[in-house]
Amino acid sequence: MTGGGPDADTAAIRRTVLDYFEGWFDGDPSRMRRALHPQLVKRSLQTDSSGRKTLRTITAEQMIDATKRGEGKSENQRELGIDIEIEQVLGELATVTVRSAAYIEYLHLARTTDGWKIVNDVWQPARGSAP
């Protein structure tokens, strides 16, 4: 897939990120699937029972299944406050920071034959939101 210039890339990246975030909070697995690369790796730190920090990893299918079950809908806040900052677009790759009322996420996207897809995600709860 070839791009239509920087403005087209920016718009397509924003659509992908909104499909991901709004799909999660609306419980829309179609939007989630559209946003994620099948080989997505989503990571976060969590504390195990001994108090040790460990790395939790989620796949695209796990994320889509959780969306289907409505896990994001239960977190839906009246005002999501989604702020998308496209840090850099270099050819077929993009780096994006997203801040919302619930999460802070650092995303890497790749332009595939099916459009921009999220391939890596490192996240944490936003301050004041439940983990």
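Two strands are said to pair if DSSP finds at least two bridges between them. With that term in hand, one may turn to the hairpin formed by strand 3 and strand 4, which has 2 residues between the strands. Gly91 lies in this turn and has a positive phi of about 60°. The model considered here is a predicted one.

Strand 3 and strand 4 run antiparallel and are joined by 7 bridges. Within this pair, Ile86 stands opposite Val96 of strand 4. Val96 also has a bridge partner in strand 5, namely Leu107. Strand 4 and strand 5 are themselves antiparallel, with 7 bridges joining them, and a hairpin of 3 residues leads from strand 4 to strand 5.

The loop between strand 4 and strand 5 holds Ser100. Is Ser100 buried or exposed? Ser100 has a relative accessible area of 8%, and residues under 20% count as buried, so Ser100 is buried. Beyond its neighbours within four places in sequence, Ser100 is in contact with Phe21, Leu80, Gly81, Ile82 and Ala126.

Arg111 has Trp116 of strand 6 as its bridge partner. Strand 5 is mostly covered, since 7 of its 10 residues are buried.

Strand 6 is also joined to strand 1, in this case by 4 bridges, and the two strands run parallel. Here the bridge partner of Leu36 in strand 6 is Ile118.

Ala60 counts as buried because its relative accessibility is 3%. Apart from its neighbours within four places in sequence, Ala60 is in contact with Leu36, His37, Pro38 and Leu40. Ala60 is 31 residues from Pro29 in sequence, and the C-alpha atoms of these two residues are 11 Å apart in space.

Two packed helices are described by the angle between their axes and the distance between the axes. The axes of helix 1 and helix 3 come within 8 Å and cross at roughly 40°. Helix 1 is therefore oblique to helix 3. The crossing of helix 1 past helix 3 is left-handed. The contact is made by Tyr20, Gly23 and Trp24 on the side of helix 1, and by Met63, Ala66 and Thr67 on the side of helix 3.

The interior of the model remains to be described. In soluble globular proteins, nonpolar side chains tend to be buried together. The largest nonpolar core has 28 residues, of which Val17, Tyr20, Leu36, Val96, Leu107, Leu109 and Ile118 touch the most other members. Two or more residues of this core come from each of helix 1 (6-26), helix 2 (29-35), strand 1 (36-47), helix 3 (60-68), strand 4 (93-99), strand 5 (103-112) and strand 6 (115-125). Helix 1 gives the most to this core, with 7 residues.

Leu36 shows how several of these elements meet. Leaving out its neighbours within four places in sequence, Leu36 is in contact with Tyr20, Ala60, Met63, Ile64, Lys117 and Ile118. Among these residues, Ile118 is also the bridge partner of Leu36 in strand 6, and Tyr20 and Met63 take part in the contact between helix 1 and helix 3.

Technical notes: Residues numbered from 1 in each chain as written. Predicted model: local features only at pLDDT ≥ 70, side-chain atom pairs only at ≥ 80, totals over all residues. Heavy atoms only, no water. Core = buried A, V, L, I, M, F, W, Y, C linked by side-chain atoms within 4.5 Å. Buried < 20%, exposed > 50% of the residue type's maximum accessible area, 1.4 Å probe, protein only. Contact = heavy atoms within 4.5 Å. Axes fitted to C-alpha atoms, helices over the stretch in contact; angles between N-to-C directions. Parallel < 35°, antiparallel > 145°, perpendicular 65-115°, else oblique. Left-handed = near helix turned anticlockwise from the far one by under 90°.
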